[in-house]
Structures are given as C-alpha cells and as structure tokens.
Amino acid sequence: MKQVSPEIEKIHKLACEQKDNFYRDPISNLNVLTEYFHLKRGSCCGQGCRHCPYDWENVKDKEP
C-alpha cells in the first residue's frame, strides 16, 4: 500500500469510524475513498486507490 502521512491516516481512521465513504484530502482538496467504502463495495476497482484493502488486485502497473 502507498505510504501516507500520519495526518492523513488520522483523518482516514476517523472517516472509517464514522462510516464515511470518503474524506477530503487537506492538501489536494480532492475526495478520497475510504477503506470502509472499499470493504462495503466488496472488491478492488483497479484504480490504485490510496486505501485499497485488496492490495490493488486489478491494478495493471502495481507498485512492487
């Protein structure tokens, strides 16, 4: 999985505890899908999402 800052990890953990599907990244201001959303969805979408709990199963160019 990609490394993220402790600040992002804290925001992500809170979003998952609140059962939110996404949170807003404080640097890019983009919405980021949570691990909670991915688990609810049930599979990897293949887009290399930051918090993918499925080890990016469908990503063609996975990072080693």
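Is Lys 19 buried or exposed? Select Lys 19 to begin: it is exposed, with a relative accessible area of 57%. Here exposed means over 50% relative accessible area, buried means under 20%, and partly exposed lies in between, with a 1.4 Å probe and protein chains only.

Before going on, note what is on the screen. This is a predicted model, in which local features need pLDDT of at least 70 and side-chain atom pairs count only at pLDDT 80 or more, while totals for chains, interfaces and linings use all residues. Residues are numbered from 1 along each chain as its sequence is written, and side-chain values use heavy atoms, with hydrogens and water left out.

**Whole chain**

Show the whole protein as a cartoon. Two helices and two strands are present, and from the N terminus on they run α-β-β-α. The radius of gyration is 11 Å, close to the 11 Å that the globule rule gives for 64 residues, so the protein is as compact as a globular protein of that length. That radius is taken over C-alpha atoms, and the rule is 2.2 Å times the number of residues to the power 0.38. Helices (H or I, at least four residues) and strands (E, at least two) are DSSP runs, numbered from the N terminus.

Along its principal axes the C-alpha trace spans about 30 × 25 × 15 Å. Of the 64 residues, 28% count as buried. Switch to a surface: the protein exposes about 4,800 Å², and carbon and sulfur atoms supply 49% of it. Accessible areas come from the Shrake-Rupley method with a 1.4 Å probe; for residues, only the protein chains shown count as cover.

Colour by charge next. There are 10 positive and 10 negative side chains, and the centres of the two sets lie 4 Å apart. Lys and Arg count as positive and Asp and Glu as negative, with His and the chain ends not counted. Each charge is placed at NZ of Lys, CZ of Arg, CG of Asp or CD of Glu.

**The two loops**

Return to Lys 19, in the loop between helix H1 (6–17) and strand S1 (22–24). Its phi is near 55 degrees, a positive value in a residue other than glycine. Move on to Asn 29, in the loop between S1 and strand S2 (31–33). Asn 29 is not a glycine either, yet has a positive phi of about 65 degrees.

Select His 51, in the segment after helix H2 (35–41). At 5% relative accessibility, His 51 counts as buried. Which side chain makes a polar contact with the side chain of His 51? It is that of Tyr 23, at 2.6 Å. A polar contact is a pair of N or O atoms within 3.5 Å; within protein, one must be able to donate a hydrogen and the other to accept it, and residues adjacent in sequence count only if both atoms are side-chain atoms.

Display the other residues around His 51. Not counting residues up to four places away in sequence, His 51 touches Val 4, Ile 8, His 12, Tyr 23, Val 32, Leu 33, Thr 34, Glu 35 and His 38. Contact means heavy atoms within 4.5 Å.

Take His 38 from that list and select it; His 38 lies in helix H2. This residue is buried, with a relative accessible area of 1%. Leaving aside neighbours within four places in sequence, the contacts of His 38 include Cys 45, Cys 49, Cys 52 and Tyr 54.

**Stops on the helices**

Stay on helix H2 and pick Phe 37. Phe 37 is partly exposed, with a relative accessible area of 23%. Its C-alpha atom is separated by 7.3 Å from that of Asp 20, 17 residues apart along the chain.

Now go to helix H1 and select Cys 16. Apart from neighbours within four places in sequence, Cys 16 is in contact with Thr 34, Glu 35 and Tyr 36. Cys 16 and His 51 are 35 residues apart in sequence and 11 Å apart in space, C-alpha to C-alpha.

End on Lys 13, also placed in helix H1. Lys 13 is exposed, with a relative accessible area of 55%.
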